[in-house]
Amino acid sequence: MHDFHYRQDALHCEDLPLERLDKEQGTPCYIYSHATLIRHFQAFDQAFATIPHLVAFAIKANSNLAILRLMASQGSGADIVSGGELFRALRAGIPPDKIVFAGVGKRHQEIREALEAGILFFNVESSAELQTLNDVARAMGTQARVALRINPDIDPDTHPYIATGLKKSKFGIGADHAVETFHHAASLPGIRVVGVHAHIGSQLTHLSPFVESLQKVVVLIETLHTQGLPVQYLNIGGGLGITYSNETPPHPRAFAEAILPLLRQTRCEIILEPGRVIAGNAGILLTRVLYTKETGTKKFVIVDAAMNDLLRPSLYDAHHDIVPVRRLSHASEEVVDVVGPVCESGDFFARNRAMPQVKAGDLLAVMSAGAYGFTMASNYNSRPRVPEILVKGGDSCVIRARETFDDLVRGECIPDFLELGQAPPPSFPQ
Ligand SMILES: *Cc1c(COP(=O)(O)O)cnc(C)c1O
């Protein structure tokens, strides 16, 4: 459920007509609903109310400071994957003791910064990383709290690029080496083992992979316990999917009901790292039709947003609903490709999509763009990144300004030896 809906055929975010936001801010832009974000966070959090738990929002899904502040205000922690995300989480006011740090390639500097900040724990992905953590922590005269990320070898039945818990994936420590790695970790003086982590993938729409993965993890935790290595935390990762088109993912309540018995068995404090399920349907990308064009066999709707603004269709062949901001009751349907201006054939938002007929100047909303939308945006084709706007009731606030051309070249410089007016080298074609 989200708060983008039609009133008198005009698409609104909460109480604000998107046409008004277009007049004020122009297109393209990302628009997020405050009410949806809060409701999604609370639904997820409350589903686990009966056990000790911490929801650590996966901030790679949406890392705008205002969104993170909103999460902090709800009691959320943060799942981070880089020093930059640590900086954002702290800047937004997320308490360090609610921050967990995952990722297969943590650098020394990032580890130091996280230790200095006093994060809750590191989700460690390899023995080599354990050694580095140990060395950095000892050099600082401290210990690093760690949860070992286990790869339970589960097929989550999602897009291969976002499946992370298969044996062949780069994430985590193989289940067959898990126990020995825990013993090794416990023997390192700079390491304090506090937990087990398992995150098997993203956009999961069935319960069974979660349950199967947890069954394996519960056995592991029991084994560790009997071998004198009890753990305090079980981090079950994120991954719960959302409805982009006709998926029917479980509600957080059903998700919780399916796994609570297993979670209770562990007697651990549970860490949850939802990203998409909180933010995905809380945001849209607003865009304008620039041109329509017919070739021999196809009709194209060319819009002012592109793959650099929202990469998911190009990267994962992902589906996003695309709806008109002004709904016409008797618009005829046609089958079109919705594409952006970027010079790549992969720059599309929809292909062979049946949509109400549109014309140049019309506004369209690309739905379900609140997670892995802006955070994946780039400046490809020297396109300034678009603004992000947070709507609350009838009010709105630009929470990230549209980039300028000067932003595009910030940090670049032209060296003296390229100064204009110098004679070109002899071989230079005249
Ligand atoms: C990406 C990621 C998440 C969030 O995944 P969602 O599908 O957005 O819930 C959680 N934990 C880890 C370790 C991740 O890499």
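## Ligand contacts, aromatic pairs and selected residues

A polar side-chain atom of aspartate 79 lies 3.1 Å from a nitrogen atom of the ligand. The model is a predicted one, in which local features need pLDDT of at least 70 and side-chain atom pairs count only at pLDDT 80 or more, while totals for chains, interfaces and linings use all residues. Residues are numbered from 1 along each chain as its sequence is written, and side-chain values use heavy atoms, with hydrogens and water left out.

**Ligand surroundings**

An oxygen atom of the ligand is 2.8 Å from a polar backbone atom of glycine 239, and an oxygen atom of the ligand is 2.5 Å from an N or O atom in the side chain of tyrosine 372. Taken alone, the ligand exposes 390 Å², of which the protein buries 95%; accessible areas come from the Shrake-Rupley method with a 1.4 Å probe, and for residues only the protein chains shown count as cover. The ligand is surrounded by 16 residues, the closest being Lys60, Ser202, Glu273, Arg276 and Tyr372; a residue is near a molecule or strand if one of its heavy atoms lies within 4 Å of it.

**Aromatic pairs and charges over rings**

A pair of aromatic rings is described by the distance of the centres and the angle of the planes. Eight aromatic pairs are found in a search of the whole structure. Rings of Phe, Tyr and Trp (its six-membered ring) pair if their centres lie within 6.5 Å; planes under 30 degrees apart count as stacked, over 60 as edge-to-face and the rest as tilted. Two of the pairs are set out below.

| Pair | Centre to centre | Angle between planes | Class |
|---|---|---|---|
| Phenylalanine 48 and phenylalanine 255 | 5.9 Å | 75° | edge-to-face |
| Phenylalanine 121 and tyrosine 233 | 5.3 Å | 45° | tilted |

Phenylalanine 48 lies in the loop between helix 2 (34-47) and strand 5 (53-58), and phenylalanine 255 in helix 9 (residues 252-266), so this pair ties together parts that are 207 residues apart in sequence. Helices (H or I, at least four residues) and strands (E, at least two) are DSSP runs, numbered from the N terminus. Phenylalanine 48 and phenylalanine 255 are both buried, where buried means under 20% relative accessible area, exposed over 50% and partly exposed in between (1.4 Å probe, protein chains only). Phe48 and Phe255 also belong to one aromatic cluster with Phe44 and Phe210.

Phenylalanine 121 in strand 8 (residues 121-124) and tyrosine 233 in strand 12 (residues 233-235) are 112 residues apart, and their pair links distant parts of the chain. Phenylalanine 121 is buried at 1% relative accessibility, and tyrosine 233 is buried with a relative accessible area of 10%.

Arginine also meets aromatic rings. Arginine 327 lies over the face of tyrosine 6, at 4.0 Å from the ring centre, and the charged end of arginine 351 sits over the ring of phenylalanine 348, 3.8 Å from its centre. A charge sits over a ring if NZ of Lys or CZ of Arg is within 6 Å of the ring centre and within 35 degrees of the ring normal.

**Helix 3**

At the start of helix 3, a side-chain oxygen of asparagine 64 reaches to within 2.7 Å of the backbone nitrogen of alanine 66. Helix 3 (residues 65-73) has Ile67, Leu68, Leu70, Met71 and Ala72 as its buried residues.

Threonine 287 has its place in strand 14 (residues 283-294) and is buried at 1% relative accessibility. The side chains of threonine 287 and aspartate 304 are joined by a polar contact of 2.5 Å. Such a contact is a pair of N or O atoms within 3.5 Å; within protein, one must be able to donate a hydrogen and the other to accept it, and residues adjacent in sequence count only if both atoms are side-chain atoms. Leaving aside neighbours within four places in sequence, threonine 287 is in contact (heavy atoms within 4.5 Å) with residues including Thr27, Asp304 and Asp362. Threonine 27 is joined to proline 28 by a cis peptide bond with omega of about -10°. Proline 28 is placed in the loop between helix 1 (18-25) and strand 4 (29-33).

Aspartate 153, in the loop between strand 9 (144-151) and strand 10 (173-174), has a positive phi near 55° and is partly exposed at 34% relative accessibility. Asparagine 352 lies in strand 18, with a positive phi near 50°, and is exposed at 55% relative accessibility.
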